[in-house]
Amino acid sequence: MKRTRKVTPEGMQIKIMLLTTNMTARELAARIGKTDATICDVISGKNRCKVTLNRIMQTLREEESAAGTVENEIDMTDKGEERRKFSLESEDNGKE
């Protein structure tokens, strides 16, 4: 029987950002100098390293700002609790 991993809220945010930037997890791993497995572990919550999560989010935010479609943030508190702010900004196509 195949074991499946659950996706954390942060992991879901990363997956959404990967889709909006048209980037694969492998490409993201290469850009931040980590392995594919590390990205998978962060998405599933197995790896909770703040430094890695911040590096992933920073890289994805830079890609999104270049595309100009979605803005995402994760604020890290001193106690390690994560507060997620997620806002979608769609481009106005002149339709109201």
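These are my notebook entries on a few things I looked up in this structure.

**Entry 1: overall layout.** I'm working from a predicted model, so local features need a pLDDT of at least 70. I looked up the secondary structure and found four helices and two strands. Going along the sequence, I read the order as α-α-α-α-β-β.

**Entry 2: whole-protein numbers.** The protein has 96 residues, and 31% of them count as buried.

**Entry 3: a nonpolar patch.** Which residues make the nonpolar surface patch of about 220 Å²? I found V7, M12 and I16 there. I16 sits in helix α1, which covers residues 9-21. I also wanted its accessibility: I16 is at 31%, so I put it down as partly exposed. The cut-off for joining a patch is over 30% relative accessible area, and I16 has 31%.

**Entry 4: T38.** Next I went to helix α3, residues 36-44, where T38 lies. Is T38 buried or exposed? I have it as buried, because its relative accessible area is 17% and the cut-off for buried is under 20%. What does T38 touch, leaving aside its neighbours within four places in sequence? I wrote down contacts with N47 and T52.

Terms used
Residues are numbered from 1 along each chain as its sequence is written. This is a predicted model: local features need pLDDT of at least 70, side-chain atom pairs count only at pLDDT 80 or more; totals for chains, interfaces and linings use all residues. Side-chain values use heavy atoms; hydrogens and water are left out. Patches are made of residues with over 30% relative accessible area and no salt bridge: like charges are joined within 9 Å, nonpolar side chains (Val, Leu, Ile, Met, Phe, Trp, Tyr) within 5 Å. Accessible areas come from the Shrake-Rupley method with a 1.4 Å probe; for residues, only the protein chains shown count as cover. A salt bridge is a side-chain nitrogen of Lys or Arg within 4 Å of a carboxyl oxygen of Asp or Glu. Buried means under 20% relative accessible area, exposed over 50%, partly exposed in between (1.4 Å probe, protein chains only). Contact means heavy atoms within 4.5 Å.
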